[in-house]
Amino acid sequence: MPLITLQDAELAYGLTPLLDRANLVVQTGERIGLIGRNGTGKSSLLKVITGALALDDGTVARDDGARISLVEQESSPPDAPTLRESLALCAGFEQLHDERERWAAEARLTEYLHRFGLDENQATTTASGGERKRAMLALALAQKPDLLLLDEPTNHLDIDGITLLEDLLVSGPVKSAIVITHDRAFLDRVATRIIELDRGYLHSYPGNYSAFETRKTDQLAAEAIANRKFDKFWAQEEVWIRKGIEARRTRNEGRVRRLQALRAERAARRERMGKVQMTLDAGERSGKLVAELEGVSKSFGGAPIVKNLNLRIMRGDRFGFIGANGAGKSTLLKLLLGTLAPDSGTVRLGTNLQIAYFDQLRAQLDPEKTLADTISPGSEWVETAQGKKHVMSYLGDFLFAPQHASAPVKMLSGGERNRLLLARLFAQPANLLVLDEPTNDLDIESLELLEETLQGYGGTLLLVSHDRAFLDNVVTQTLVAEASERKGVWKEYAGGYSDWLTQRPKIEAAAPASATEKPQPVARPRSKAKISFKEQRELDALPAEIEALEQEQHALTARMSSADYHKQGAEAIKSDRLRAAAIEHELTQKFERWEALDQKAALSS
């Protein structure tokens, strides 16, 4: 029996249906990526699956005895003396009568807390947002669910936390999962199927997000053609019905009924949601030098955040900042902007800077102000790159209805607040754009449009983000907080996130720890570190083996993305999914082995 079966599900808030006779079947072993625009009802669907929210109509069936765990978007452990006590209270461990079962559950909780880098004795009141999110993920995994439901799990996690979660979902104890996320790299690594919630319907696409994008493009093109044909035929029928007396005398009653059916079908057709319209004015050119740091250091409570950093940012640079939670990315931005003084060293800002700053905590938004006052205080007009625009029209570009313009900011959801802050930033010219975690809570379509807008931006960009695909698509340089044992050391790399991954092992193996530190002699490898003949043969064979696996992966993805793939039998589909997961695991192992042998060969030469 499937884990979950949703049949003819209907759910509405107000007049807009979130689920409109939707159907869904979740099988054991599936990892489903649930995507859709903000406000379409993705979180509500997860609550329907758990039973926390009742359908207006239709049925939801769950496999008897199946354990379902949900980690909500803003879930947080309750206050308690320690994280461990708080999570044990959430899980109800004290209600387990079997002592061995309780001991095993507590041991699993301790294991996952440690895997997520958490101190089980830390007070919940001192835990950061990222630590609270990791704690709730650790608890969900420790409960060994048959189906794990995750609502935006990557929010508040750094890249190391995200990749750890990916590893646990792909090769850990979780049997099945449904994940709401805007992180495309996460979906490409984890998902075996994409479910899109669009205008009340659940559309299924086999494979990961990249496979979905290809099929979705074709589907939207076909839908547009079908709608145009329908509208043309409908218009012809409306012309016919409005002809003169002679035509009405001879009209066919069957044709009249068909026209009435066409009208009903057209009225029921729900158009795709509007698209955010983003434009960004780079304003006047800044000076050639934007910011320069010389020997800058900064510490808090004795812990170094920045240590002896030399950095020069020139006009047109696009810097991405990468580092673990607490590494000091936001602090470094404030040092660069001159709003925070260094403990030592100098910070020099360039000339003619027009700065727009997106704060990850959205502190710039006054919760009591209206949307219109937030965008254009004291005026009904907004100056944009295309000229003056009425504030109502400008808010409409960011999908805010006119009737919401007088609503207070505090009524907005997280995604809506992000859109409002972007609207406010983009309403003013800026030749230095500073974005601190701008992708949180944005749906994928809005995120990709933001990418496109930034790619065409003519000014200088400083970006903090844990979204790996976003970094790859936007930045040209990265500044990375080095490993924890060298706290405060930042290093510059060319390219985006993927380029950093490629460069990192080579540079770390053969270069000094940081451009700001004196070079240290590289230790000569001992003779026992030399690569053996057998290892050299293995290294030589690995590229061909990886290429063969990648070709098989591409062929398998193409087959699973074909239009008639659903006609395959259940066993064939299951076999393909298992093979896809196995290929991903084999590729990871072979790339790691290749890297290890390649480094060993370099040391031997």
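This is a guided tour of the structure, stop by stop, with what to select and what to find there.

**The whole chain**

The model is predicted. The protein has 18 helices and 20 strands. It is made of 605 residues, and 44% of them count as buried. The accessible surface comes to about 30,100 Å². Carbon and sulfur atoms contribute 51% of that surface. Among contacts with a separation of 6 or more, 69% join residues 24 or more positions apart.

**Stop 1: aspartate 146**

Select aspartate 146. This residue lies in the loop between helix H4 (129-142) and strand S6 (147-151). Is aspartate 146 buried or exposed? Its relative accessibility is 12%, so aspartate 146 counts as buried.

Show the side chain and look for its polar partners. The side chain of aspartate 146 reaches the backbone nitrogen of arginine 67 at 2.7 Å. It also makes a polar contact of 3.5 Å with the side chain of lysine 175. Now display the neighbours. Leaving out residues up to four places away in sequence, aspartate 146 touches Leu3, Gly65, Ala66, Arg67, Lys175 and Ser176.

**Stop 2: helix H5**

Go to the start of H5. There, a side-chain oxygen of aspartate 158 comes to within 3.3 Å of the backbone nitrogen of aspartate 160. Then colour the buried residues of H5: Ile159, Gly161, Ile162, Leu164, Leu165, Glu166, Leu168 and Leu169.

An α-helix has 3.6 residues a turn, so residues three or four places apart point the same way. Keep that in mind for the next stop.

**Stop 3: aromatic pairs**

The structure holds 5 aromatic pairs. Select tyrosine 209 and phenylalanine 212. Their ring centres are 5.4 Å apart and their planes meet at 40 degrees, so the pair is tilted. Both residues belong to helix H7 (residues 209-241). They are 3 residues apart, which means a separation of about one helical turn. Tyrosine 209 is buried, and phenylalanine 212 is buried too.

Next, select phenylalanine 319 and phenylalanine 321. The centres of these two rings lie 6.5 Å apart, with the planes at 40 degrees, so this pair is tilted. Phenylalanine 319 is buried, with a relative accessible area of 0%. Phenylalanine 321 also counts as buried, at 0% relative accessibility.

Tyr205, Tyr209 and Phe212 form one aromatic cluster.

**Stop 4: arginine 315**

Select arginine 315. Look for it in the loop between strand S11 (303-314) and strand S12 (318-322). With a relative accessible area of 31%, arginine 315 is partly exposed.

What does the side chain of arginine 315 reach? One of its polar atoms lies 2.9 Å from the backbone oxygen of serine 286. Not counting residues up to four places away in sequence, arginine 315 touches Arg285, Ser286, Gly287, Lys288, Val290 and Thr460. Take lysine 288 from that list: it is 27 residues from arginine 315 along the chain, yet their C-alpha atoms are separated by 5.1 Å.

**Stop 5: a charge over a ring**

Select phenylalanine 400 and arginine 419 together. The charged end of arginine 419 sits over the ring of phenylalanine 400, 5.0 Å from the ring centre.

**Stop 6: helix H14**

Finish at residues 444-455, helix H14. How far apart are its end C-alpha atoms? They are 16 Å apart, which agrees with the 16 Å that 12 residues should span at 1.5 Å a residue.

Zoom in on the N-terminal end of H14. Aspartate 443 caps it, with a side-chain oxygen 3.3 Å from the backbone nitrogen of glutamate 445. Glutamate 445 itself is found in helix H14. At 26% relative accessibility, glutamate 445 counts as partly exposed. Glutamate 445 and glycine 36 are 409 residues apart in sequence, but 8.3 Å apart in space, C-alpha to C-alpha.

Last, colour the buried residues of H14: Ile444, Ser446, Leu447, Leu449, Leu450, Glu451, Thr453 and Leu454.

Technical notes: Residues are numbered from 1 along each chain as its sequence is written. This is a predicted model: local features need pLDDT of at least 70, side-chain atom pairs count only at pLDDT 80 or more; totals for chains, interfaces and linings use all residues. Side-chain values use heavy atoms; hydrogens and water are left out. Helices (H or I, at least four residues) and strands (E, at least two) are DSSP runs, numbered from the N terminus. Buried means under 20% relative accessible area, exposed over 50%, partly exposed in between (1.4 Å probe, protein chains only). A polar contact is a pair of N or O atoms within 3.5 Å; within protein, one must be able to donate a hydrogen and the other to accept it, and residues adjacent in sequence count only if both atoms are side-chain atoms. Contact means heavy atoms within 4.5 Å. Rings of Phe, Tyr and Trp (its six-membered ring) pair if their centres lie within 6.5 Å; planes under 30 degrees apart count as stacked, over 60 as edge-to-face and the rest as tilted. A charge sits over a ring if NZ of Lys or CZ of Arg is within 6 Å of the ring centre and within 35 degrees of the ring normal. The expected span of a helix is 1.5 Å times one less than its number of residues. Accessible areas come from the Shrake-Rupley method with a 1.4 Å probe; for residues, only the protein chains shown count as cover.
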